[in-house]
Amino acid sequence: MNRPHAPYFADLQKALRDAAVAWPVIVVDRERMLRNAARLKALIKPGNRLRLVEKSLPVPAMLDALMRATETSALMVFHEPQLRQTARHFPAADLLLGKPMPAAAAAHFYNHLGATAFDPARQLQWLVDTPQRLQKYLELARGLGVRLRINVEIDVGLHRGGCADPAALIELLTILRAHPDQAEFAGLMGYDAFVGKLPTLIESEATSFARANRAYATFQQAARSFYPDLPPNICWNGAGSPTVALHRGAHSILSEVSAGSCLLKGTMFDLHLLTDFEPAVFIASPILKSFEGTRLAGPAWLSTLLFAGRTQRQRTYFTYGGDWRADIVSPPRVIENKYFGVSYNQAMFSGPDQATLNVDDFLFLRPHQSEGTLLQMGPLQVVDNGRVVDTWLPFTE
């Protein structure tokens, strides 16, 4: 019997067929996702708060399920249209911007938020990286008659911007303190995504982590010296899926950690610190055409020269759609045919005669990351216990 897929993906294929799905879709394994949520919750240091990264999970129903599973109402948001939608969907949420937004984007948020119980003056922290951006935000606050909560981006080693040293932070805080009617200091955000990414010959993961923590501590001390009476709920935010496990230790000085991608685990998060997490998101695309051999446009001898006698070129498949940022996961011996070129319409794949895919079978791929991917194919197919049990609409922008 021809069985191209291992049991897990054979079950996913049956679930999609039973639901009459016949086009490319994102599949979310809800059981795996919730198990990952339990794993992530267990990594949070007692007394610290988890902030879910919305750009990696840009689906209201998904966020709702994960916020309940991890017992958090804190989200990190990266896109103004999604900020407005998040404020409406989750009016009790605490929101922190994950990157400095243009002042015009902040103005658009206030002017188009609409009717909601969400109160930006209490529940929203804008991220600021330079005195120049802060001045623009203060002008915005004066013009709109609002008071902003300002979180300051600090550079703990990634060198992607933010205050480069405590002196730069003090310069910014000095401006901030001079305008109490327009803004207040809400905390710091320092992203340590470089930890574990350098070759160990250059710097070990432990050394990078210690260096990032030392840098964060110098900024934290400067802020505490400038504001001696900081409230206990001040936001010292950092981490991310690649490093969240490290921040459970005693050496972390954060009050809250951000993570999101590990809950669905694209291939970019196949990291040793996330070994226990399970892939929970896939792209599934129907096979439109399946035939013997591999033939390219041009003279027949060219295809013979390139592909004759090669096991992985014994069959050709064309899929419904293509050019996904993803790796084939099932069947495992199917490969993309790069000679054919990129096609968003019908992509060409090749494989061996064994475990042949037939027309209307599905090819399964693992996205490199959930960020961006979940917005591309309309409603997500939510699978639980071998059945499609729901469809989740992502944010509209």
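**Close-up 1. Side chains of strand β9 in the predicted model.** Strand β9 covers residues 256–259; a strand is a DSSP run of E with at least two residues, numbered from the N terminus. E256 and S258 point one way from β9, whereas V257 and A259 point the other way. All four are buried, that is, under 20% relative accessible area with a 1.4 Å probe and protein chains only. In a regular strand, side chains alternate between the two faces of the sheet. This is a predicted model, in which local features need pLDDT of at least 70, side-chain atom pairs count only at pLDDT 80 or more, and totals for chains, interfaces and linings use all residues. Residues are numbered from 1 along each chain as its sequence is written, and side-chain values use heavy atoms, with hydrogens and water left out.

**Close-up 2. Strands paired with β9.** Strand β2 (residues 49–53) pairs with β9 in the parallel sense over 4 bridges; pairing requires that DSSP finds at least two bridges between the strands. L50 stands opposite V257 of β9. Strand β8 (residues 235–238) also runs parallel to β9, joined by 2 bridges. Here, N237 has E256 as its bridge partner.

**Close-up 3. Packing of helices α2 and α3.** Helix α2 (residues 30–43) packs against helix α3 (residues 60–70) at an angle of about 40°, and their axes lie 9 Å apart. Helices are DSSP runs of H or I with at least four residues; axes are lines fitted to C-alpha atoms over the stretch in contact, and angles run from 0 to 180 degrees between N-to-C directions. The contact (heavy atoms within 4.5 Å) involves M33, L34, A37 and K41 of α2 with M62, A65, L66, A69 and T70 of α3.

Methods:
Buried < 20%, exposed > 50% of the residue type's maximum accessible area, 1.4 Å probe, protein only.
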